[in-house]
Amino acid sequence: MEVKVVVKPLEAVETEVLVVTVFEDKLNDNARIKSLDEQLNGKITQLIESGEVQGKFREFTILHTEGIGPKRLLFMGMGKRQDFSLDRIRSIAANASRYVRRIKISEMAMPDFAHLDVSATDCGEAIVEGILLGMYRFDKYKSKKKSPERKLETIKIIASNEGEVEALTQSAQTGNTLASSANFVRDLVNEPSNFMTPTRFAELASEVASQQNLKIEVLGREEMQREGMGSFLGVAQGAEEPPKMVVMQYIGNPGGKTIGIVGKGVTFDTGGYDLKPSSGMLRMYGDMAGAAATLGAIQAIASEKLPINVVAIMGLTENMISAKAYKASDILTSMSGKTIEVLNTDAEGRLVLCDCMTYMQKYHNPDILVDIATLTGAAIIALGRTVSAVLTTDDDIYQRAFAAGEYTGERVWRLPLYDEYRAQLVSDVADIENVGGRSAGTITAAMFLKEFVDKDRPWMHIDIAGTSMMEEEIARYVKNPYLPKEGGTGTGTRLLFHFVKSYIDKA
Ligand code: BES
Ligand code: ZN
Ligand code: ZN
């Protein structure tokens, strides 16, 4: 999709469809729309006064015009002025582009939001993200594709003045990068586990590495054995598919700050001998969403050439049942030397992550360590399907993650890591247990990981179990137009990008 930034009065923009946003309570308060209205002899005012256009959020109305630049006006309801946000821009951009695609038009135009104090640096990104995320489809396995004859090929962003053009163009480019990475993450998540094996994931990561000129290493079972990664390998033991650990490195600021990101990449989680019931197993091909978000993030960071360093580690394996599989009450020795009593084979994510985190700290010594994982069903119980859980002992890290969440719409909320939760993980026979009982499941999972973080190393854990996949039943009330109704949401990549970006000035 091509993005053009133009500076013109709305009535002079040559376009098939011009998006006109209308608020519910403060109608027609914008000079550019007033001038458009005048050219149309007050038609817009009429539509609003007659109640045909009410400005309710997600409402849309089409008007065919004559004698002015835009052939059609697409009125998009923005809801109440006080509810206006960057995320609403994403939402209406998504709705508008889907509508335009449905009527088989390949081009549309949308004004910036400078009159609402949305900076050009934010605006282009939100518009382009909304469009690209909103038009996403996973139809690789459909013989008969729902493909429209035409797809949206060009989007014109109408700048309110020359001074905005450069920044709008830049931010539209960033939006393109971020949405493309997030859509790539959605593809990775949506692929079933018979395709998206650890080996396949590692191959795709290698492709990303060569496109972006990143260093990459892929460790197999033997290399991991040599490193003493007994915890990770305990999980991998039952799988025919060979496990992989992918290590990628982006150097954007030699000698500067390094952020380490570790992602859980369980390409299928049966639960192991603590077998999941069939309903719970159904979507477990998506249990690699943390690794996917990690790959998407380093791809986007490298593509945007952020002046910072990032090391990404993806721990990839299946969690299966077989005569070789690990069993409840097995004791594993992790790379850190700590021994782990496995009380539940379904709490496998933390067993994979802890060794990846030890490896990251030993060989890459990151200034900040982040891990991201579909770790606990309890995160869904605590925060639902639109907010990811963040756990950290570092207030500054949390502030940055929270700000990145608000900015991207990939919201996060903090849960505590008080010392007393550690008592839930005390083992009689080993250094630690891998489960902490029914209460505070998301917290005890993070407390487990915390045991593997070096003292004084700033660290944050992100649990995306609730946010990484959408289901039709949930989409009905979440109603986010730029998220798919079913399958991978791509969450994590845009969040991590902006989180990492927040460190640039300090680096
Ligand atoms: N992959 C699951 C967590 C999950 C659940 C992700 C639902 C997405 C949706 C994880 O490996 C798991 O099974 N966790 C257990 C931990 C328990 C055994 C302590 C859980 O949440 O039930
Ligand atoms: Zn599990
Ligand atoms: Zn899992």
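Let's begin at the ligand. If you sort the shell around ligand 1 by class, you get five nonpolar, six polar and four charged residues. And keep in mind as we go that this is a predicted model. So who sits around that ligand? There are 15 residues around ligand 1, and the ones that come nearest are Asp346, Thr374, Thr376, Gly377 and Ala465.

Now zoom out to the domains. The protein chain splits into domain 1, residues 2-181, and domain 2, residues 213-501. Their centres, taken over C-alpha atoms, are 37 Å apart. Where they meet, domain 1 puts in 15 residues and domain 2 puts in 15 residues. On the domain 1 side, the elements giving two or more residues are helix H3 (86-102), helix H4 (120-134) and helix H5 (162-190). Which of them gives the most? That would be H3, with six residues. As for the make-up of that side of domain 1, it's six nonpolar, seven polar and two charged.

Okay, strands. Just as a reminder, strands of a sheet pair through backbone hydrogen bonds, either parallel or antiparallel. Have a look at S8, residues 244-251. S8 pairs with S7, residues 215-219, in the antiparallel sense over five bridges. S8 is also joined to S10, residues 309-319, by eight bridges, and that pair runs antiparallel too.

Last stop is a three-stranded open sheet, with the order S11-S12-S16 and mixed pairing. What's going on at the edges? Strand S11 (331-333) and strand S16 (432-433) are the edge strands, and each has a single partner strand, so one side of each is left with no neighbour in the sheet. Between S11 and S12, which covers residues 339-341, there are three bridges, and these two run antiparallel. If you want a landmark for that pair, find leucine 332, which stands opposite isoleucine 340 in S12.

Note on methods
Residues numbered from 1 in each chain as written. Chains lettered and ligands numbered in written order. Predicted model: local features only at pLDDT ≥ 70, side-chain atom pairs only at ≥ 80, totals over all residues. Near = placed C-beta within 6 Å. Nonpolar A, V, L, I, M, F, W, Y, C, P; charged D, E, K, R; others polar. Pairing = 2+ DSSP bridges. Helix = DSSP H or I, 4+ residues; strand = E, 2+ residues; numbered from the N terminus. Domains from an automatic or database assignment. Contact = placed C-beta atoms within 7 Å.
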